[in-house]
Amino acid sequence: MADPLKRAEITDNVAADLTAAAPEAAVAELPPEVVAQSLGEYVRGYVARIRAGESGVLPVVMAMVAIVVVFEVISPNNVYLSPGNLVNLFQQSAVIMVLAMAEAFALVLGEIDLSIGFVGACGAAITVQLIQPATTNWPWPLAVLAGLLFCVVFGAIQGTLITRLHLPSFIVTLAGYLVANGLFLKILLFGPFSGYPNLTGQSDNLHFIYNLMWGTIDPIVSWIGAAVVVAALGGFIWFSDSRRRKSGLVAPPASLSLIKIGLIAVVAIVVVGICNLNRGVLIVQEGVPWVIPIVIAVLAAWTVLLGRTKYGRYLYAIGGNPEAARRAGINLSVVRTAAFMLCSFTAGIALLLYASYLNGMSNNVQAGYYVLYAVAAAVIGGTSLMGGRGKPLHGVLGGLVIGAIYNGMYLLALSFEWQYIVTGLVLLAAIIIDAVSRRGSASGSVTRI
Amino acid sequence: MTAAVAQAQAAGEPLLKIRGLDKHFGPVQALYHVDLDIPPRQVTALCGDNGAGKTVLTKCIAGIYPIDHGEIFWEGRPVHIHNARDSARLGIETVYQDLALADNLDIVQNMFLGRERLRSGLLDEDSMERSAAETLSSLRVTTVKSIRQPVASLSGGQRQSVAVAKAVMWNSKLVLMDEPTAALGVVQTRMVLDLIGRLRDKGLAVMVISHNLNDVFEVADNIAVLYLGRMAVQDKATNFDRQSVVEYMTTGGLGRSSGRPAKEG
């Protein structure tokens, strides 16, 4: 009591000694970017984390490389890496990416939403029906809003049932899946199209929805756009990191900021470069498809929402420890219900892109197992099924992996039997990755109360 | 009892004064006419056996449970505490036994959970990180590697320190701590007891719930003992010894080693 300061020092030293006893474990528990003062330290921290099972995006990148090599070798005429197929791969992946970003809202809470495939399909079918010139002939912005509104309302109903009545999300959204599947088939039957409303025809509204997936941006404009995006993002990363470094806040070393910016620039150059190669067979066909900036816009919006707003912070807090969130004064029901609404809303965007890809809607839409692809994509990207951990970027990375597999099977003209089997195995692999990476790490996902 | 109250008044107006507090849950009377004085700038230990009503009393002060009867005075003024926000507004913060930290969030995010600072609609991470770092260093919590590490990677004592730092960030005047050392090892317990001493040095009043008498005698200036929902005794810690506290905790009074009081509830 006489000298509390001195005693505190002793205590600190003892505590430091105890942590020093297991330096490897202590380092491995921490994300390297919060402790590293230099690039060397960062690399050592990263390696220690991989050894401890906390591998970040590394397995995704390795899986991607393996998939690309295998399919390039076995695809007919080695067509897999041709510019035409790569752009097609981006387009197919885009649907899964956006759907996986949708699913992230449920997964971060530790919930799941199985209905989003058909809820989104209903929304897209409503949009496609409303813009038909032969019937309602709505302008596309109104039709898109109506479709997305349907999704938000459906999500609100499911979210309310789950949060207010404390029902398991798995069962509620399974019921929602069946209801939405039925509604979807009903919506298709409206109008004089015998169940196949499509986007062919002379109407600006039809063209616009068709162009979401198939419209392209002029190569020069795409280069300028990419340069602007990379410069803005790079500038933001550089200035915010260096400001934090200067004021003594936790920040990555300058070299790491530069590597990050360089990586973004490389990805932009590769993607735009591939898209700007002529992929036409008879006529010149080049340019970045609209869908790529659309996916980037969704990614940017949801990254800001989850990472930099109160709402996002509360979502993670509830996923990590709902009781702590409740005691902090957070309104759990509102935040969780809104998450299911955002989930369905984003799914509406994803399935609208799918409608554009298919040039219309039909009862062939595989919305049921697209949901499973979306869950697998989010988990492969690094989102945890147990809640509390996940980012929109995970959905994009995982969506690219799933899209790469899906596209490869498509090129090999695998029958539906095999596609189902592969889908199931991919989902299983994703869950195994999640479980193994969680077991290996202390700081990963969290035991739920 | 009256002696204790008179003595507390002689030492100046208590920060928190409770008179005649009753609380029941259905047919179970958890607290009967409890009186309690918490003086400012001192550590008060609330002792009692399991089921004596320590946690219920704490939750009544924190606004988690509404009280049935009784009066609460804060700095001499009568107040009504209906919910956790009321108590926070008065300057009462509670550190629960389970700490209520989200493991997946980092230290700064946990300390500001529910009270995030915004700048043009977005989270102001820089300002929050600076304030959190200041609070932690003022409490001499120096063993954490990085203020941005997830709470899951902290030791038990460090987690307790973060929970305490979270409680003192808000100009609080009284910190209630429910069994802060129950789950900790020797070194970590030392860390938390030192932390409680530092809170007192900063001018805060602390009420510690504990039935570890080693800890109680180490940090407490005052000791209050609950026995089966009644306040058995409250006095300066120097007027107790280990034996008398144990006797109050187990029998509700001195020299009553056999038999319990008539009314047990």
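# Briefing on a predicted two-chain model

The domain assignment divides chain A into domain 1, covering residues 23-52, and domain 2, which is made of the two segments 61-215 and 290-439. The structure is a predicted model, and the C-alpha centres of domain 1 of chain A and domain 2 of chain A are separated by 34 Å. Chain A comprises 19 helices and two strands, whereas chain B has nine helices and twelve strands.

**Overall make-up of the chains**

- The radius of gyration of chain B comes to 19 Å, close to the 18 Å given by the globule rule for 265 residues, and chain B is therefore as compact as a globular protein of that length.
- Along the principal axes, the C-alpha atoms of chain B occupy a box of roughly 60 × 40 × 40 Å.
- In chain B, 49% of the 265 residues count as buried, while in chain A the buried share is 42% of 449 residues.
- Taking contacts in chain A between residues at least 6 apart in sequence, 76% of them join residues at least 24 apart; in chain B, residues 24 or more positions apart account for 68% of the contacts with a separation of 6 or more.

**The nonpolar core**

- In soluble globular proteins, nonpolar side chains tend to be buried together.
- The largest nonpolar core has 189 residues, and those touching the most other members are V98(A), L99(A), L353(A), A374(A), V175(B) and V208(B).
- The element that gives the most to this core is helix α6 of chain A (residues 83-108), with 18 residues.
- When residues up to four places away in sequence are not counted, L353(A) touches A94(A), V95(A), V98(A), L212(A), M213(A) and V291(A).

**Helix α6 of chain B**

- Helix α6 of chain B runs over residues 156-168, and at 1.5 Å a residue its 13 residues should span 18 Å, which agrees with the 19 Å between its end C-alpha atoms.
- Because twelve of the 13 residues of α6(B) are buried, this helix is largely enclosed by the rest of the structure.

**Y248(B) and its surroundings**

- Y248(B) belongs to helix α9 of chain B, which covers residues 242-251, and it counts as buried because 25 C-beta neighbours lie inside 10 Å.
- Apart from neighbours within four places in sequence, the contacts of Y248(B) are V225(B), Y227(B), A232(B), V233(B) and G253(B).

**Strand pairing in chain B**

- Strand β1 of chain B (residues 16-25) and strand β4 of chain B (residues 69-74) run antiparallel and are joined by five bridges, with H69(B) in β4(B) as the bridge partner of D22(B).
- Strand β4(B) also runs antiparallel to strand β5 of chain B (residues 77-79), to which three bridges join it, and V79(B) in β5(B) is the bridge partner of I72(B).
- The hairpin of β4(B) and β5(B) has two residues between the strands, and in this hairpin E75(B) takes a positive phi near 50 degrees.

**Positive phi in loops of chain A**

- Most residues other than glycine have a negative phi, and most peptide bonds are trans.
- H166(A), which is not a glycine, has a positive phi of about 55 degrees, and its place is in the loop between α8 (140-164) and α9 (169-189) of chain A.
- H166(A) is exposed, since 7 other C-beta atoms lie within 10 Å.
- N359(A), also a residue other than glycine, has a positive phi near 60 degrees, and it lies in the loop between α16 (332-358) and α17 (367-381) of chain A.
- With 16 C-beta neighbours inside 10 Å, N359(A) counts as partly exposed.

Note on methods: Residues are numbered from 1 along each chain as its sequence is written. Chains are lettered from A and ligands numbered from 1 in the order in which they are written. This is a predicted model: local features need pLDDT of at least 70, side-chain atom pairs count only at pLDDT 80 or more; totals for chains, interfaces and linings use all residues. Helices (H or I, at least four residues) and strands (E, at least two) are DSSP runs, numbered from the N terminus. The expected span of a helix is 1.5 Å times one less than its number of residues. A residue is buried if 20 or more other C-beta atoms lie within 10 Å of its own, exposed if 12 or fewer, and partly exposed in between; C-beta atoms are placed from the backbone. Domain bounds come from an automatic or database domain assignment. A nonpolar core is a set of buried Ala, Val, Leu, Ile, Met, Phe, Trp, Tyr and Cys residues joined through C-beta atoms within 7 Å. Two residues are in contact if their C-beta atoms, placed from the backbone, lie within 7 Å. Two strands pair if DSSP finds at least two bridges between them. The radius of gyration is taken over C-alpha atoms; the globule rule is 2.2 Å times the number of residues to the power 0.38.
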